[in-house]
There are 2 protein chains.
Amino acid sequence: MPAPKLFHFEKNFEILSFQVDPEGKLRWSALGNLFQEIAWQHADSGNFGQNLFDLGFHWVLSRFHIEVQKLPHWGEVIRMKTAARGIDSLFALREFEMTSLSAEVLARGMSSWLLLDSKSKRPKRPNQFLPGDLFPEVAKGTLLPAKLPVPTETSHTKLFTVQPSDLDMNNHVNNVTYIRWIEDYSHAFGLAFSRLEINFLAEAILHQDVEVTAQNSEAGWILVGRVNNAPIFLARTSG
Amino acid sequence: MPAPKLFHFEKNFEILSFQVDPEGKLRWSALGNLFQEIAWQHADSGNFGQNLFDLGFHWVLSRFHIEVQKLPHWGEVIRMKTAARGIDSLFALREFEMTSLSAEVLARGMSSWLLLDSKSKRPKRPNQFLPGDLFPEVAKGTLLPAKLPVPTETSHTKLFTVQPSDLDMNNHVNNVTYIRWIEDYSHAFGLAFSRLEINFLAEAILHQDVEVTAQNSEAGWILVGRVNNAPIFLARTSG
């Protein structure tokens, strides 16, 4: 990821007991929740959140690249920042940064989103709906998180079942559920990481079983989550 | 539950996107998280939280009785209150209340806790360690949440697996995980409720399978969660 420019929106959060792991450090899933929260609040403040939903469209996270320098601990107050970073073809780009109150960078993220017609499920060109000053066209591929390869020879299989608590306000499995699966999967097999890339490929449905399996490579572990043998997400963990 | 007296400790929280269900209302599990958070903060402020842990003891939730009048929605700011309510034999009692900022009662809870020696896992008499003004002896059974019956003929079986994300700072399956299982279980079978009673009987271990099943009765649904056929929790949902 290139060095971030100015951020458009920020808000402080206290790290609470239910957001931390047994070592008292912020969980990756809780980091994902804070990214999601600040994106919602920013979109709403700029009139391209709830009101686009009311017009019959919804945002779907397509790819996410997260790098953690240092996870904050229980009781710490951190600052979440986000900014629109323009449009690359059908993708709207959003960058995130989490810092300490003394401006130390704790984590960064770059995400790409598709704007879907809620009925047809087809993507719409986001530049028809978004403020052009926040979302100018950017050079193709410069900021877009990587497209990941499908792993060929995998091992370490683990099963997850979609629960009602995994559904968000769109009644879809929330993107953070995928991050939690990756975190739980990696913990179960002792695979620590500080960099996470995800490609969201297809929707999972309530009560479906998701089989996660992985392949080790020079660039890290490549994970694939499958429902009825069809990939629904790819991820790469490293660092 | 009797009418609450004064509360010792309170704090406001904003309901965030990751705490709500598809209808935008606070989830029961997220309510449980806020109860847990305010209990921690109160115990720490009174020097019977982290410092008891450092002395080799830890609090274990034994029984919980929660009644919801109205669940707050995404973006609402609510006030969480808690107070110690004395000691009943080996149980330390703690009451909770969630109100709107205009003091409308949204939910209430009464909980009983055991103080365990972290090595021997045996309960200690809490009056040896707690401030007597906050924890006087109370008349036996007046505030203690009910002991629930083990259901005899059950149906509606559903399986949950303990994940790394279910562990809290004691490296134990957090009590809120049980609430989330009950919420997911009830949602899966269309069993809505506004009153929840839980008895926590035994610990679940990472990667264990927990089989939840239930029996309908005049007093509501009685749920039991079992690991290897041994009950680890009982719950009653009604209202």
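Which residue forms a salt bridge with A:Lys81? The partner is A:Glu97, and the closest N and O atoms of the two are 3.7 Å apart. This pair joins distant parts of the chain, since A:Lys81 sits in strand β3 (residues 77–88) of chain A and A:Glu97 in strand β4 (residues 91–100) of chain A, 16 residues apart. Keep in mind as you look around that this is a predicted model.

**Two domains in chain A**

- In the contact, 18 residues of domain 1 of chain A meet 17 residues of domain 2 of chain A.
- About 1600 Å² is buried between domain 1 of chain A and domain 2 of chain A, with carbon and sulfur atoms giving 55% of that area.
- Three residues to look for are A:Trp28, A:Ser29 and A:Phe64: they supply 32% of the area that domain 1 of chain A buries against domain 2 of chain A, more than any other three residues.

**What links the two domains**

- One salt bridge is found across the interface of domain 1 of chain A and domain 2 of chain A.
- A:Arg195 and A:Glu67 also form a salt bridge, and their closest N and O atoms are 3.4 Å apart.
- Eight residue pairs are in polar contact across the interface of domain 1 of chain A and domain 2 of chain A.
- On the side of domain 1 of chain A that touches domain 2 of chain A, the elements giving two or more residues are α1 (28–45) and β2 (57–68) of chain A.
- The largest share of that side of domain 1 of chain A comes from β2(A), with ten residues.
- By type, the residues on that side of domain 1 of chain A are seven nonpolar, seven polar and four charged.

**How the two chains are arranged**

- Two copies of a chain are related by a rotation about an axis and a shift along it.
- Here, chain A is superposed on chain B by a rotation of 180° with 0.0 Å of shift along the axis, and the RMSD is 0.0 Å.
- The two copies are thus related as by a two-fold rotation axis.
- The copies meet through the same surface, because 100% of the interface residues of chain A are also interface residues in chain B.

**Where the chains meet**

- Chain A brings 35 residues to the contact and chain B brings 36 residues.
- Between them, chain A and chain B bury about 2900 Å², and 57% of this is on carbon and sulfur atoms.
- Within chain A, the residues that lose the most area to chain B are A:Phe18, A:Trp74 and A:Met169, together 22% of what that side buries.

**Polar links and elements between the chains**

- Side chains of opposite charge can pair when their charged atoms come close.
- Between chain A and chain B there are two salt bridges.
- A:Glu14 forms a salt bridge with B:Lys11, with the closest N and O atoms 2.7 Å apart.
- Ten residue pairs are in polar contact between chain A and chain B.
- The elements giving two or more residues to the side of chain A that touches chain B are β1 (9–14), α1, β7 (155–161) and α3 (175–188) of chain A.
- Of these elements, α1(A) gives the most to that side, with seven residues.
- The residues on the side of chain A that touches chain B are 14 nonpolar, eleven polar and ten charged.
- Over all chains, the structure holds 20 salt bridges.

Definitions and conventions
Residues numbered from 1 in each chain as written. Chains lettered and ligands numbered in written order. Predicted model: local features only at pLDDT ≥ 70, side-chain atom pairs only at ≥ 80, totals over all residues. Heavy atoms only, no water. Contact = heavy atoms within 4.5 Å. Buried area = accessible area lost by both parts, 1.4 Å probe. Salt bridge = Lys/Arg side-chain N within 4 Å of Asp/Glu carboxyl O. Polar contact = N/O pair within 3.5 Å; in protein donor to acceptor, adjacent residues only side chain to side chain. Helix = DSSP H or I, 4+ residues; strand = E, 2+ residues; numbered from the N terminus. Nonpolar A, V, L, I, M, F, W, Y, C, P; charged D, E, K, R; others polar. Least-squares fit on C-alpha atoms with pLDDT ≥ 70 in both.
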